[in-house]
Amino acid sequence: MQGTGNKAFDIAWVRQQFPSLKLQVNGRPAAFLDGPAGTQVSKQVMDAVQNYFLTANANTYGAFASSRRNDAMVASARGAMADFFNCDSNEVVFGQNMTTITFALARAIGREMKPGDEIVVTTLDHDANVAPWRALEEKGVVIRQVDIREGDCTLDLDDLKRKITAKTKVVALGYASNMVGTINPIAEIAKLAHAAGALMFVDAVHFAPHGLIDVKALDCDFLACSPYKFFGPHMGTLYGKREHLEKFKPYKVRPATNTSPECWETGTQVQELIAGIGAAVDYIAELGRHCDLGVKSRREALQAAYGATHQYESGLLNRLIAGLQTIQGMRIFGITDAKRFDQRCSTLSFRLADHNPTKIATFLGERGIFTWDGNFYALNLSERLSVEQHGGVLRVGLVHYNTTEEVDRLLAAVREFAAR
Ligand SMILES: Cc1ncc(COP(=O)(O)O)c(C=O)c1O
């Protein structure tokens, strides 16, 4: 696999950055195919968290050294996330996780809405990008849900166009599906939303470990993602266009600042993990520099990293799909044609005949292969695909630290399960 620049994708170097990949289960190396629920953490992240406790463990804006170090660290992490999103530092908000951030944002936007206003959500989305908007039904807001094309689990764009009307105030859309991997054409849909006078909110949680985010190119109004899905700690982050972060009013305690973005960061943040977020972005940039010696800025390095990992992950995905398709009773959900891999990421869900996915996940888990079963909170999709009442699906998540050997081990184990 080639990177974007000078060097081949160096999987050995990548794996050295993740100490936990050495874990053994029942005498076999663990295969972490559970990335969509949370990736492993690079040692740079672990060091940053430890360093925080050693040198900068204090609350914000105190008149003493550790507090000042803390403030500098938060500013630096905000700068890292600004490079990650391609926005300004004061457009980056930290929070507990994407779900909590989205509930808070929906409540703030909801303050400005009136009965009869509409919000568009989709069948493809994780419930964290559905329930916070549905909560506004209490105020008389009307929710419109866009359907999918069942054959390839892509969004039905004709239905979307019908559902966006002059009454639409927000279009809430996932960048990539955490169940079937479909990537949505966000920039195109943002244009439709804006033409109707609506705001565009993007859930990029699932996309973030797989592709470069560019909020300017997407022209979205808000975009949320969770660092624990892109090799960092358990937190959430939000990009908001500055004018919106200043205009909408979050619920907050009176003494806390009214200045954005801090006014959106309710209470004391988990500052040690904010240190880890900065390090997670720097890890990805370091990977980019390792793949392409010619890159200069951190943003360029991030671009190089994602260029290389997309190619590498597509190779793994191709191998996985080809192998699964040889197993009798296999039903893969979503896009399988390699020519369309730019429309999906390397997260794959399947059902094997009428086997309960929990049984398959348990069988694999005993062999040191970590996968997930169920609906992964993509409840609308699980119901739409009529798998919800049968235990959902088995999900295999491939990220850039996974290997062809792990894919082959998984395939052999699924074949063994099917043959029992
Ligand atoms: C696509 C997607 N959106 C939202 C979430 C919720 O993120 P968080 O756990 O940060 O609240 C998840 C978590 O799995 C997800 O996969």
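Rings of Phe, Tyr and Trp, the last through its six-membered ring, are taken as a pair if their centres lie within 6.5 Å. In this predicted model, the count by that rule is 17 aromatic pairs.

**Stop 1: the aromatic cluster**

Select W13, F18, F231, Y283 and Y401, which ring pairs link into a cluster. A pair of aromatic rings is described by the distance of the centres and the angle of the planes.

Begin with F18 and Y283. Their ring centres are 5.2 Å apart and their planes stand at 85 degrees, so this pair is edge-to-face, the term for planes over 60 degrees apart. The two residues come from distant parts of the chain, 265 residues apart: F18 belongs to the loop between α1 (11-16) and β1 (24-25), while Y283 belongs to helix α10 (residues 271-291). Both F18 and Y283 are buried.

Turn next to F231 and Y401 within the cluster. This aromatic pair is also edge-to-face, with 6.1 Å from centre to centre and 70 degrees between the planes. F231 and Y401 again connect distant parts of the chain, at 170 residues apart. F231 is in the loop between β11 (222-225) and β12 (236-240), and Y401 is in the loop between β17 (393-397) and α14 (404-419). F231 is classed as buried because its relative accessibility is 2%. Y401 is likewise buried, because its relative accessibility is 0%.

**Stop 2: charges over rings**

Display R111 together with Y251. The charged end of R111 sits over the ring of Y251, at 3.9 Å from the ring centre. Then display R367 with F363, where the charged end of R367 sits over the F363 ring, 3.5 Å from its centre.

**Stop 3: the ligand and its shell**

Centre the view on the ligand. Which residues surround the ligand? The shell consists of N97, M98, T99, H126, A128, N178, D203, V205, H206, S226, Y228 and K229. By residue class, this shell divides into four nonpolar, six polar and two charged residues.

For T99, a side-chain N or O atom is 2.5 Å from an oxygen atom of the ligand. For S226, a side-chain N or O atom is 2.6 Å from a ligand oxygen atom. For Y228, a polar side-chain atom lies 2.4 Å from an oxygen atom of the ligand. On its own the ligand has 390 Å² of accessible area, and the protein covers 90% of this.

Stay with N178, one of the residues surrounding the ligand. Is N178 buried or exposed? N178 is buried, because its relative accessible area is 8%. The residue lies in the loop between β9 (168-174) and α7 (186-195). The side chain of N178 also reaches the backbone oxygen of F376, at 3.0 Å.

**Stop 4: backbone geometry**

Most residues other than glycine have a negative phi, and most peptide bonds are trans. The following selections depart from that pattern.

Select S260 and P261, which are joined by a cis peptide bond with omega of about 5 degrees. P261 lies in the loop between α9 (242-247) and α10.

Move to N86, a residue other than glycine whose phi is positive, near 70 degrees. N86 is in the loop between α3 (65-85) and β4 (92-95), and its relative accessible area of 22% makes it partly exposed.

Continue to S386, which is not a glycine but has a positive phi of about 55 degrees. S386 is in the loop between α13 (379-384) and β17. With a relative accessible area of 43%, S386 is partly exposed.

**Stop 5: two distances across the chain**

Draw a distance between the C-alpha atoms of A412 and L324. These two residues are 88 residues apart along the chain, and their C-alpha atoms are separated by 9.7 Å. A412 is in helix α14 and counts as partly exposed at 40% relative accessibility.

Finally, draw a distance between the C-alpha atoms of L173 and D34. What separation do the C-alpha atoms of L173 and D34 have? The answer is 23 Å, for residues 139 apart along the chain. L173 is in strand β9 and is buried, with a relative accessible area of 0%.

Key
Residues numbered from 1 in each chain as written. Predicted model: local features only at pLDDT ≥ 70, side-chain atom pairs only at ≥ 80, totals over all residues. Heavy atoms only, no water. Phe/Tyr/Trp six-rings, centres within 6.5 Å; stacked < 30°, edge-to-face > 60°. Helix = DSSP H or I, 4+ residues; strand = E, 2+ residues; numbered from the N terminus. Buried < 20%, exposed > 50% of the residue type's maximum accessible area, 1.4 Å probe, protein only. Lys NZ or Arg CZ within 6 Å of the ring centre and 35° of its normal. Near = heavy atom within 4 Å. Polar contact = N/O pair within 3.5 Å; in protein donor to acceptor, adjacent residues only side chain to side chain. Areas by Shrake-Rupley, 256 points an atom, 1.4 Å probe, with all protein chains shown as cover. Nonpolar A, V, L, I, M, F, W, Y, C, P; charged D, E, K, R; others polar.
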